[in-house]
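Biologist: I have not seen this one before. Can you show me how to read it, feature by feature?

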Amino acid sequence: MGEDREALIVQAEEAERIPLPHGGGFVLLADARDTGGALGANRLTLGPGATGARPHFHTRSTELFHVLEGVMWFDVDGRTTTVTAGGLVSVPPGVPHSFGAVPDSTAELLSVLAPGVDRFEYFRTLGRVQYGQEAFDDLLQHQERYDVHFLPDPLTVSAPLPHLPHLPDLPDLPDLPHPR
């Protein structure tokens, strides 16, 4: 190898904190430049029912999540599961995923991206987006830089619907009383 390398040690009080409006926030632990590109790491605390990330994927990195406290939901490639404290999720490159705290639980996780990508500015921007200081669309122009590629929101996609065959008219049904 022959490279001069130093270990990275980050004390809790040295880590940058990015507050989020639901009471949680990011703790920025290691950016790729701090680890020679080996990895990036952060902690994320989420309030009850808060979404941690909308559907996205990474092209160059695997993302590992270790749930430290609470209960989280993860949607990985269309399969949704809950993961409790102590559980781990590893998402390889190219696999769509999203996650958040379940509605009745706060949650905290450690996220590691390997190989690392310098993403501290991405997390700072997400904090500003959460507080309405920047638009989410501002991040879209930096998807390649941060290796975070967002999937289109199915509610805003304006692609034409596929042609459906004409269905016969159905007869009118009588109004039924509303159950009380």
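**Reading the features**

Modeller: Begin with contacts, meaning heavy atoms within 4.5 Å. Setting aside neighbours within four places in sequence, Ser 105 is in contact with Gly 47, Pro 48, Gly 49, Gly 70 and Val 71. One caution: this is a predicted model, in which local features need pLDDT of at least 70 and side-chain atom pairs need 80 or more, while totals for chains, interfaces and linings use all residues. Residues are numbered from 1 along each chain as its sequence is written, and side-chain values use heavy atoms, leaving out hydrogens and water.

Biologist: Where does Ser 105 lie? And is Ser 105 buried or exposed?

Modeller: Ser 105 sits in the loop between β8 and β9. Buried means under 20% relative accessible area, exposed means over 50%, and partly exposed is in between, with a 1.4 Å probe and protein chains only. Ser 105 has 12%, so it is buried. A polar atom of its side chain also lies 3.2 Å from the backbone nitrogen of Val 71.

Biologist: What is the secondary structure of the protein?

Modeller: Helices (H or I, at least four residues) and strands (E, at least two) are DSSP runs, numbered from the N terminus. The protein has three helices and 10 strands. From the N terminus, the order is β-β-β-β-β-β-β-β-β-α-α-α-β.

Biologist: Which strands are joined to β4 by bridges?

Modeller: Two strands pair if DSSP finds at least two bridges between them. Strand β4 (residues 51-57) is joined to β8 (residues 97-101) by three bridges, and the two run antiparallel. There, Ala 53 has Phe 99 of β8 as its bridge partner. Two bridges join β4 to β10 (residues 149-150), again antiparallel. In that case His 56 has Phe 150 as its bridge partner.

Biologist: What does His 97 touch?

Modeller: His 97 is in strand β8. At 3% relative accessibility, it counts as buried. Not counting residues up to four places away in sequence, its contacts include Arg 54, His 58, Glu 63, Phe 65 and Asp 75. Now look for polar contacts. These are pairs of N or O atoms within 3.5 Å; within protein, one must be able to donate a hydrogen and the other to accept it, and residues adjacent in sequence count only if both atoms are side-chain atoms. The side chain of His 97 makes one with the side chain of His 58, at 3.5 Å. A polar atom of the His 97 side chain also lies 2.9 Å from the backbone oxygen of Val 95.

Biologist: How many aromatic pairs does the structure hold?

Modeller: Rings of Phe, Tyr and Trp (its six-membered ring) pair if their centres lie within 6.5 Å; planes under 30 degrees apart count as stacked, over 60 as edge-to-face and the rest as tilted. The structure holds seven such pairs. Phe 65 and Phe 74 have ring centres 5.2 Å apart and planes at 55°, so this pair is tilted. Both Phe 65 and Phe 74 are buried. Tyr 122 and Phe 123 make an edge-to-face pair, with 5.2 Å between centres and 70° between planes. Tyr 122 counts as buried at 7% relative accessibility, and Phe 123 counts as buried at 7% too. Phe 26, Tyr 122, Phe 123 and Tyr 146 form one aromatic cluster.

Biologist: Which residues touch the most other members of the largest nonpolar core?

Modeller: A nonpolar core is a set of buried Ala, Val, Leu, Ile, Met, Phe, Trp, Tyr and Cys residues joined through side-chain atoms within 4.5 Å. The largest one has 28 residues, and Phe 26, Leu 44, Phe 65, Met 72, Phe 74, Phe 99 and Tyr 122 touch the most other members. The elements that each supply at least two residues of this core include β2 (25-30), β3 (40-46), β5 (62-76) and α1 (120-130).

Biologist: Which residues of α1 are buried?

Modeller: An α-helix has 3.6 residues a turn, so residues three or four places apart point the same way. In α1, the buried residues are Phe 120, Tyr 122, Phe 123, Thr 125, Leu 126, Gly 127 and Val 129. Their cover includes β1 (16-19), α2 (137-140) and α3 (143-146). After α1 comes Gly 132, with a positive phi near 75°.

Biologist: How much of the protein is made up of buried residues?

Modeller: Buried residues make up 34% of the 180 residues. Among contacts with a separation of 6 or more, 68% link residues 24 or more positions apart.
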